[in-house]
Amino acid sequence: MSFEMRLKAREEIHREVTGFTSEQIHELYVAAGGLESREDQPGPLSTEDRLAAVRRNELRRIWNLMDRTGWEVYSPESDPEVHRWRQALQERQERESAAASGPDPELIRYRIVAQRTDPEHPGASMLTHYASGRSVEEAVAKVREALEKPGGVYGDQGLYRVVEVAEEGPDSELRQREDARRRYLTTILENATTTVRGREPDNPDADLVSRLDDFFTRAVIFPDPHTPGVHPRPHQATFGWTSEQPYIEHASDPGRALALFLLAYLDHYGLELEAAVRTGGRPDPQPVSESRPSAREAEGGEAPAELVERVLDICGQHYAAVTGTSSDQWDQETSREIVATALRTVRVVERETYAQTLETYLHEHQGRLERLWRRYGPGGMFADELVLINLPGCFVLCERIETSPLWLEGVWRQDHPDESPLERLQDSWLYDTSDKDGGR
């Protein structure tokens with residue numbers, strides 16, 4: 001079922017329940033079979049079944065929303081999810097139109113942010129829309145024309161006003177990021193300098209300060225000088241730990257401020273950071289391509305095939321229980337690859353007992369897994385938006401997301417160039433499956 005079909009079904013529901021009370025919407029939800037258990041229904045679902053599921057999920061969402069916010073009657077114009085879906089449809093239509101007719105070099109894409117003017121209005125405090133035009137005025141006019149109607153975002157009630165218009169695009173994004181980085185560095189410098197002033201450590205080791213300055217400059221001030229933006233000055237080595245003789249060190253005002261800030265902080269708590277003993281020589285620098293692996297990478301590595309199969313089997317058992325599907329409907333090979341990637345983030349000493357650890361985790365979080373499937377599986381409110389939901393291996397990723405998220409992100413980047421599927425699963429698992437959001 002296409003995105004447009006789901007959106008059309010939701011729009012019909014919104015028109016149907018506009019002005020309805022929470023009790024009336026709950027009656028529609030019950031009549032649609034909202035309280036029935038659907039665990040025993042076999043898949044795959046037909047288009048009619050999916051449309052019915054969209055109706056049930058949307059009625060349940062509206063009912064929960066009204067219950068939480070205390071609305072007397074429902075209004076789509078006050079529902080932030082409605083704006084999000086309409087905006088997604090508008091963006092898709094614009095992309096399809098541009099692909100069909102070719103890009104117009106004179107059109108510029110703008111991000112338009114509107115702020116709620118009435119604090120008592122139950123809608124979202126901020127709304128974001130996108131429009132293309134030859135000028136800011138034309139883009140804003142397009143958004144107003146689409147949404148300017150009685151009770152609308154920019155309608156007679158004056159519920160929202162435009163507070164920000166920004167050009168969207170590769171160049172503008174880089175400019176915005178660079179401006180934000182400059183503001184961030186200014187804050188770092190001011191705060192570090194203010195904090196250290198009057199508390200400077202006595203006679204700090206000059207070489208130690210220089211090394212710390214070098215570190216903070218590389219890691220914080222100029223983390224990637226190979227991209228557009230502010231670069232290190234010509235006399236400074238490029239970032240990448242490729243310094244060669246005469247071992248040029250990086251230096252910056254914020255870097256030195258942070259170096260002194262760290263030394264003053266340690267001194268405040270009676271700690272001391274000693275400079276390394278100089279022996280008259282320096283170790284040979286390691287090229288980036290031949291750098292030593294991190295401790296975790298050296299420890300982890302590929303998991304034994306037996307463990308991969310055992311974990312895949314556990315995921316399959318719980319996946320079948322949650323989704324009502326069977327193994328002949330799964331992509332076993334891709335799931336096996338996902339499991340192998342996840343197991344690289346399990347420490348060697350923990351691998352012997354990891355299968356039982358995962359079993360316990362999935363059992364304790366079965367309710368959250370069911371909510372994840374209801375929302376993102378076939379027929380769910382966000383069907384087709386979470387690619388990994390169709391693989392049993394996503395269950396072990398859920399456990400790893402909560403246990404070793406940063407390690408998992410690093411390993412995932414190595415095995416899978418596209419990071420977005422994991423990022424989408426991470427956001428959904430951490431922020432969209434809580435008991436509060438699970439309905440009743």
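User: Which residues does Asp79 touch, not counting residues up to four places away in sequence?
Analyst: Asp79 touches Arg61, Leu65, Trp71 and Tyr74 on that count. Contact here means heavy atoms within 4.5 Å. This is a predicted model: local features need pLDDT of at least 70, side-chain atom pairs count only at pLDDT 80 or more, and totals for chains, interfaces and linings use all residues. Residues are numbered from 1 along each chain as its sequence is written, and side-chain values use heavy atoms, with hydrogens and water left out.

User: Where does Asp79 lie?
Analyst: In the loop between helix 3 (47-69) and helix 4. Helices (H or I, at least four residues) and strands (E, at least two) are DSSP runs, numbered from the N terminus.

User: Is Asp79 buried or exposed?
Analyst: Buried, because its relative accessibility is 0%. Buried means under 20% relative accessible area, exposed over 50%, and partly exposed in between (1.4 Å probe, protein chains only).

User: How many residues apart are Asp79 and Leu65 along the chain?
Analyst: They are 14 residues apart, and their C-alpha atoms are separated by 8.6 Å.

User: And Pro80, buried or partly exposed?
Analyst: Partly exposed, at 32% relative accessibility. Pro80 lies in helix 4 (residues 80-101). Its C-alpha is separated by 9.1 Å from that of Met126, 46 residues apart along the chain.

User: Zooming out. How many helices and strands are in the protein chain?
Analyst: The chain has 16 helices and three strands. Of its 440 residues, 40% are buried. Take the contacts between residues at least 6 apart in sequence: 72% of them join residues at least 24 apart.

User: Cys315 and Cys398: what are their relative accessibilities?
Analyst: Cys315 is buried at 0%. Cys398 is buried too, with a relative accessible area of 0%.

User: How many of the ten residues of helix 14 are buried?
Analyst: Eight, so helix 14 (residues 394-403) is largely enclosed by the rest of the structure. Cys394 and Cys398 are among its buried residues, as are Glu399 and Arg400.

User: What do the buried residues of helix 14 pack against?
Analyst: Helix 10 (305-323), helix 11 (332-343), helix 12 (351-364), helix 13, helix 15 (405-415) and helix 16.

User: On to helix pairs. At what angle do helix 13 and helix 16 pack?
Analyst: About 125 degrees, with their axes 10 Å apart. That makes helix 13 (residues 366-376) oblique to helix 16. Axes are lines fitted to C-alpha atoms, for helices over the stretch in contact, and angles run from 0 to 180 degrees between N-to-C directions. Angles under 35 degrees count as roughly parallel, over 145 as roughly antiparallel, 65 to 115 as roughly perpendicular and the rest as oblique.

User: Which residues make that contact of helix 13 with helix 16?
Analyst: Arg368, Leu369, Leu372 and Tyr376 of helix 13 meet Arg424, Leu425, Ser428, Trp429 and Leu430 of helix 16. By class, that gives six nonpolar, one polar and two charged residues. Ala, Val, Leu, Ile, Met, Phe, Trp, Tyr, Cys and Pro count as nonpolar, Asp, Glu, Lys and Arg as charged, and the others, Gly among them, as polar.

User: What about helix 12 and helix 13, how do they cross?
Analyst: At roughly 65 degrees, with axes that come within 4 Å. Helix 12 and helix 13 are therefore roughly perpendicular. Tyr361, Leu362, His363 and Glu364 in helix 12 meet Gln366, Arg368 and Leu369 in helix 13. These divide into three nonpolar, two polar and two charged.

User: Last pair: how far apart are the axes of helix 7 and helix 8?
Analyst: They are 7 Å apart, at an angle of about 120 degrees. The two helices are therefore oblique to each other. Their contact includes Phe216 of helix 7 and Leu262 of helix 8. Its residues divide into eleven nonpolar, two polar and two charged.
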